[in-house]
Amino acid sequence: MATPLTLKELSKKEGLLTSGHRMCAGCGAPIIVKMVLMASDYPIVAANATGCLEVSTCISDYTAWKIPWIHNAFENAAATISGVETMYRSLKKQGKIDKEIKFIAFGGDGGTYDIGFQSLSGAMERGHDMLYVCYDNGAYMNTGIQRSSATPFGADTTTCPAGSVIPGKTQQRKNLTKIMAAHDIPYAAQASPSHWMDLVKKVKKALDIKGPKFMNILSPCNRGWRSRTDDAIMLSRLGVETCYWPLYEIEDGATKVTFKPKEKKPLVDFLKPQGRFKHLFAPENENMLKQFQAAVDKEWASLLKASGTE
Amino acid sequence: MAKVVAVTGNEAVANALRQVNPDVSSAYPITPATDIMQRFTSFVSNGKVKTEMILVESEHSAMSGCIGASAAGGRVMTATSSQGLALMWEELFIASGTRLPIVMALVNRALSAPLNIHGDHSDGMGARDCGWIQLWSENAQEAYDNTIQAFRIAEHMDVRLPVMVCMDGFIISHSIERMEYLEDEAIKNFVGEFQQTNPLLDLEHPVSYGPLILPDYYMEYRKAHAEVMAQAPKVVLDIAKDFEKISGRKYGLFESYRLDDAEIGIVILNSAAGTTKDAIDLFREKGIKAGLLKPRLYRPFPYEEVGDALKHLKAVCVLDRADAFGGSYGPLFIDIASSLYPYKDKPVLINKIYGLGGRDYLPGHAELVLNELAEILRTGKVKTFKEYIGVRE
Amino acid sequence: MKLKKWKELTPGAVCTKAGSALEFKTGSWRAFRPRWIEENCIQCLFCWAYCPDMAVKVKDGKMEGFYYDYCKGCGICALECPGKKGKKAIVMEEEGK
């Protein structure tokens with residue numbers, strides 16, 4: 001029985017991620033996990049790559065997970081859940097299990113875009129019936145804010161610090177969502193915790209599809225972003241409204257923008273509240289701001305075109 | 001009715017795996033182990049097994065998939081060699097630390113660099129401290145028998161550890177030998193139904209695998225693991241007794257060949273032991289009391305039993321098919337030396353490195369070693385404690 | 001809490017008690033605490049949806065307050081609260097005042 005999509009009804013469901021986890025105050029990741037799990041009307045078994053979420057939700061005897069959950073290593077959440085899902089299929093075929101169970105792998109951008117890329121690509125290609133959720137906070141946050149391929153252009157991280165010679169990250173972000181869609185998987189999407197209904201709908205849709213699915217969700221990190229403990233939702237909303245983090249889905253190869261901001265805000269609205277972009281506002285870095293805005297505009301235009309909603 | 005056949009080591013192991021019929025296998029090809037999985041997947045494609053295959057994109061993912069599947073709650077196996085084992089190195093520790101009863105066929109192959117696809121023990125030796133149980137096999141029959149027993153050992157409730165079964169790459173994996181298959185039904189009954197412990201797929205009792213453990217507990221977990229390893233030899237022997245009932249073949253922690261009254265002896269692993277036994281027989285005919293010890297259970301190493309078996313000899317040469325770089329002795333030598341350490345009266349020990357990268361080990365080499373040991377017996381003098389044999393100087 | 005001896009541990013460090021993190025009270029992390037002003041609350045439940053720590057008490061679809069044992073005082077709930085007629089239903093106050 002599907003739960004109606006109102007916060008009131010969703011609040012009556014049992015929370016599957018408990019309080020008592022040790023994520024930082026104001027972290028985006030547990031908000032995302034909570035929303036993903038509450039969206040599901042199926043029982044879930046999850047795998048988790050090493051990172052903030054994993055390390056803070058399961059320490060010693062304390063686990064915040066009320067679903068079966070496995071952490072293996074950093075780069076193999078997708079390979080690990082492939083194993084779990086395959087055992088499920090094997091036991092189901094043998095008549096030893098009759099329940100319908102869905103499989104979700106959680107990984108940060110580190111364990112997904114970079115070190116976890118290979119095993120993610122392999123799992124998607126093999127067609128396992130699984131959903132991979134990347135909580136993208138744009139750096140290897142757990143080890144102290146190091147640069148990943150998901151780090152935004154110009155951002156200051158501890159391995160690409162904004163210095164007098166090099167002004168932060170010099171590459172644009174890797175477009176992982178599109179790379180995943182290029183695997184011809186039935187569903188790939190981007191979501192944001194600020195737009196909870198869009199996120200929940202996408203998770204529901206994904207879980208109803210049989211096959212490999214991928215969701216990339218913007219996860220503000222006030223430590224790494226040098227922002228405030230209370231602005232995770234505000235920043236993820238600005239990410240969407242500036243089109244830095246467009247909300248779209250690619251279903252069977254067809255792109256659909258799922259949220260078009262009434263008024264596309266300038267990128268600097270998203271950048272200004274974050275200390276990691278502070279140096280971009282120095283006059284000598286004006287060009288970088290322009291480059292960054294241009295890249296965002298280009299991607300947004302291409303999505304609108306693909307979506308047929310120009 | 002046992003079936004006598006002429007097959008390669010790989011084919012024998014593939015059939016052992018077919019007869020065990022695991023629930024899931026997650027594997028990646030690498031020479032010379034590839035053939036095991038090629039044969040096995042043809043069983044899969046033709047409905048001869050119920051195994052669901054995961055044809056992963058790397059060995060690291062192969063072991064990751066095995067870990068996920070085993071934690072989910074079922075029987076899991078894989079096969080690899082050399083670089084593949086090296087690539088899954090971190091996962092080996094995770095599999096054993098998580099106490100998952102995965103079985104892996106390790107077709108021993110040299111580690112790069114230089115790149116070499118032939119048989120030596122550097123891969124298995126490199127992984128000897130990863131917390132897995134290691135069984136080493138002299139020939140196709142032993143590889144077959146060990147693979148079957150490995151599942152019972154791994155899944156035993158006093159153990160619950162992953163097991164790797166080693167056999168020499170190319171020398172055994174690809175050579176055709178006479179061996180006997182046991183019947184499908186006998187193997188099926190021998191391994192029995194898989195018993196789950198804390199399976200992920202049990203929704204009524206959700207568990208979390210892989211917590212972060214801090215300095216206040218890590219050492220206790222390691223101690224627990226060490227204690228469980230210490231239980232393994234007894235289990236290995238119990239399972240061997242059960243196996244003897246269905247096969248008529250006896251297995252122990254190691255094989256003693258003409259060792260009881262020996263004065264000189266060789267300690268050697270895997271296929272080269274077979275070659276050496278012929279040389280032992282030759283020397284015995286000449287009236288020289290030679291013997292051989294061939295470890296089978298290499299990890300956990302049965303120090304007490306091996307020490308006890310060797311202590312009465314006067315001179316022993318340990319032959320290593322892998323070197324432990326840094327001027328130290330070979331890995332097997334280090335374990336043998338440790339097993340003899342407690343005794344005041346113990347044999348003179350020398351170490352020779354042989355057969356690296358598939359370099360042939362011939363009867364002539366064994367005779368060379370035995371002659372040197374006989375010389376040590378006669379004169380009490382050691383020429384050199386460690387050297388490479390069969391190498392062009 | 002007394003530390004367990006090696007014999008008392010679960011094999012493979014598997015956590016068999018789901019949700020045991022609830023035994024770890026993160027409320028002590030707070031420097032600020034949220035205060036609920038019921039008359040300004042429109043029961044939108046955004047605070048509940050956006051709380052990273054599941055520290056908003058909702059019973060039968062109605063917001064009732066906070067689980068102060070766990071609330072880390074991040075302030076997301078207060079910032080996101082739409083309130084009534086410009087007046088917030090959640091304000092952050094210094095802890096210990």
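In this predicted model, strand 11 and strand 12 (residues 290-295) of chain B pair in the parallel sense over four bridges. Within that pairing, B:I264 of chain B has B:A290 in strand 12 as its bridge partner. The two strands also belong to a right-handed β-α-β unit, in which helix 10 (residues 271-285) of chain B is the helix.

Strand 11 of chain B is joined by four bridges to strand 14 (residues 315-320) of chain B as well, and these two run parallel. Here the bridge partner of B:I266 is B:C317 in strand 14. In a regular strand the side chains alternate between the two faces of the sheet. Strand 11 of chain B (residues 264-267) is covered on both faces: B:I264 and B:I266 are buried on one side, B:G265 and B:V267 on the other.

These strands of chain B are part of an open sheet of six strands with mixed pairing, in the order 10-12-11-14-15-16. Strand 10 (254-257) and strand 16 (386-388) of chain B are at the edges and have a single partner strand each, so one side of each has no neighbour in the sheet. From one strand to the next, the twist averages 20 degrees. At the end with strand 16, strand 15 (residues 348-353) of chain B pairs with strand 16 in the parallel sense over three bridges, and B:K352 has B:E387 of strand 16 as its bridge partner.

| Helix of chain B | Strands of chain B it lies across | Angle |
|---|---|---|
| Helix 11 (residues 303-310) | strands 10, 11, 12 and 14 | about 175 degrees to strand 12 |
| Helix 12 (residues 331-340) | strands 11, 14 and 15 | about 145 degrees to strand 14 |

The domain assignment divides chain B into domain 1 (3-247) and domain 2 (254-388). Their centres, taken over C-alpha atoms, are 28 Å apart. Between them, 29 residues of domain 1 of chain B are in contact with 20 residues of domain 2 of chain B. On the domain 1 side, helix 6 (122-126), strand 6 (133-136), strand 7 (163-168) and helix 9 (218-247) of chain B each supply at least two residues. Helix 9 of chain B gives the largest share of that side, five residues. By class, the domain 1 side has 16 nonpolar, nine polar and four charged residues.

Between chains, 33 residues of chain A are in contact with 32 residues of chain C. On the chain A side, the elements giving two or more residues are helix 1 (7-10), helix 2 (28-39), strand 3 (62-63) and helix 9 (232-241) of chain A. The residues of this side comprise 15 nonpolar, ten polar and eight charged.

Technical notes
Residues are numbered from 1 along each chain as its sequence is written. Chains are lettered from A and ligands numbered from 1 in the order in which they are written. This is a predicted model: local features need pLDDT of at least 70, side-chain atom pairs count only at pLDDT 80 or more; totals for chains, interfaces and linings use all residues. A residue is buried if 20 or more other C-beta atoms lie within 10 Å of its own, exposed if 12 or fewer, and partly exposed in between; C-beta atoms are placed from the backbone. Two strands pair if DSSP finds at least two bridges between them. A crossover is right-handed if, with the strands pointing away from the viewer, the path from the first strand over the helix to the second runs clockwise. Two residues are in contact if their C-beta atoms, placed from the backbone, lie within 7 Å. Ala, Val, Leu, Ile, Met, Phe, Trp, Tyr, Cys and Pro count as nonpolar, Asp, Glu, Lys and Arg as charged, and the others, Gly among them, as polar. Domain bounds come from an automatic or database domain assignment. Axes are lines fitted to C-alpha atoms, for helices over the stretch in contact, and angles run from 0 to 180 degrees between N-to-C directions.
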